[in-house]
Each structure stands twice: as C-alpha cells, then as structure tokens.
Amino acid sequence: GGGGRGVDEMPSVFDVCSPANILRNEPKRIRNFGVVQIMIGFIHLGFGVPLYYSATYVLAIDLFTPWWAGLVFIISGALTMLNVDSPEPKVSKAAKISNTVSAVIAGIAAAAYLLSTFIAKSGHHLYISRGPLILLFLLFLYALIEMFFAIVVSIIYCKG
C-alpha cells in the first residue's frame, strides 16, 4: 500500500459543494470565510484606486462604490473572525448583522459595477477602455463572491 487515500475514499465535488457541507458550523471554516471577506474588501479598496484614475466618469466611481463596499466587507470579515475567537452575545449579534448588511451591500455594489458599463456621467460619452472594463468586471465578480460568503455566514449564524 501507498499509505494514501483510495479513490473510493475521496469525496466527490458534489459532496464537497453540497449545501449541507458548506453550511457546517466549524470555527476554522467560518474563520476562513472571514479571511476571504477581508481579502475581498482590500481588493475593492485596491482596485478602486486605478479605476478612479483611469475612468473618473464611471458610475461606480461617482458613487465611491469600491471604497464603501470594501470597508463594509473588511468590517464584516473582521467581526466574523472575532466571533470565532470570542463568541460573546454582543459580538455574535454584530457578526450576524454585519454579514446581512454586507450581503445587501455586495448586491448593491455588484449592480453599481454592472450599471457602470451602461451609464456615464451626463455630458460624457460612454467609452470604457479595456483596463477599467476589466477592473469593473473583476469588482463585479468579487462583489458576487462576497455576497455568497456573507449569505453563507449569515445562514450559519442564524442556524446555530
């Protein structure tokens, strides 16, 4: 024997990605969700800077979407991680609320990024060069990912 796992012992992708597996209340898993939320927040803050200088006429920049959304995601992730370390009732309630708010904000941010590809400031022609368009698309995807993680964490906290 090679000492490794047999092929029939490996879980399938469907088992790993099943809702029951994703929604397990394990501290390490929830901590990782918080880390991902913080990383997505910093990505929003970081991508907002070149987007600001390359496409100031974009709706998402007019609304400062990368910055307020990024801050909300960072706060939500930090409270999620803090709740794993010290599950006091106040921290737990703050983590539940912040993840619910983060999911809503992520949906609004995703809509703002998507609308930014269609709507320009009045008096400007809507032409977005490839670089800013890629940034808008990536921010849109990261907002959807954040919405998924925030909803999952909210469901886990409301279940248990």
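## Overall make-up and confidence

Of the 160 residues in the protein, 37% count as buried. Among the contacts with a separation of 6 or more, 76% are accounted for by residues 24 or more positions apart.

The mean pLDDT of the protein is 84, with 79% of the residues reaching 70 or more. Confidence is lowest in helix 1, residues 13–16, where the mean is 58, and highest in helix 5, where it is 94. Where pLDDT is low, the predicted coordinates should not be read in detail.

Two packed helices are described by the angle between their axes and the distance between the axes. For helix 3 and helix 5, the angle is about 160° and the axes are 8 Å apart; because angles over 145 degrees count as roughly antiparallel, helix 3 is roughly antiparallel to helix 5. The crossing of this pair is left-handed, and the residues of the contact of helix 3 with helix 5 divide into 18 nonpolar, 9 polar and 2 charged.

Helix 5 also packs with helix 6, which spans residues 89–115, at an angle of about 155° and with the axes 8 Å apart, and this angle makes helix 5 roughly antiparallel to helix 6. The crossing of helix 5 and helix 6 is left-handed. By class, the residues in the contact of helix 5 with helix 6 comprise 16 nonpolar and 8 polar, with no charged residues.

## Helix 5 against helix 7

Helix 5 covers residues 65–85 and helix 7 covers residues 130–159, and the axes of these two helices come within 12 Å and cross at roughly 30°. Angles under 35 degrees count as roughly parallel, and helix 5 and helix 7 are therefore roughly parallel to each other. Helix 5 passes helix 7 in a left-handed crossing.

On the side of helix 5, the contact is made by Pro66, Phe73, Thr80, Asn83 and Val84, while helix 7 contributes Leu139, Glu146, Val153 and Tyr157. The residues of this contact between helix 5 and helix 7 divide into 6 nonpolar, 2 polar and 1 charged.

Valine 35 has its place in helix 3, which runs over residues 27–54. Although valine 35 and serine 76 lie 41 residues apart along the chain, their C-alpha atoms are separated by 9.9 Å.

Serine 129 is found in the loop between helix 6 and helix 7. With a relative accessibility of 28%, serine 129 counts as partly exposed. Serine 129 and alanine 55 are 74 residues apart in sequence, and the distance between them in space, taken from C-alpha to C-alpha, is 8.4 Å.

Terms used:
Residues numbered from 1 in each chain as written. Predicted model: local features only at pLDDT ≥ 70, side-chain atom pairs only at ≥ 80, totals over all residues. Heavy atoms only, no water. Axes fitted to C-alpha atoms, helices over the stretch in contact; angles between N-to-C directions. Helix = DSSP H or I, 4+ residues; strand = E, 2+ residues; numbered from the N terminus. Parallel < 35°, antiparallel > 145°, perpendicular 65-115°, else oblique. Left-handed = near helix turned anticlockwise from the far one by under 90°. Contact = heavy atoms within 4.5 Å. Nonpolar A, V, L, I, M, F, W, Y, C, P; charged D, E, K, R; others polar. pLDDT = per-residue confidence, 0-100. Buried < 20%, exposed > 50% of the residue type's maximum accessible area, 1.4 Å probe, protein only.
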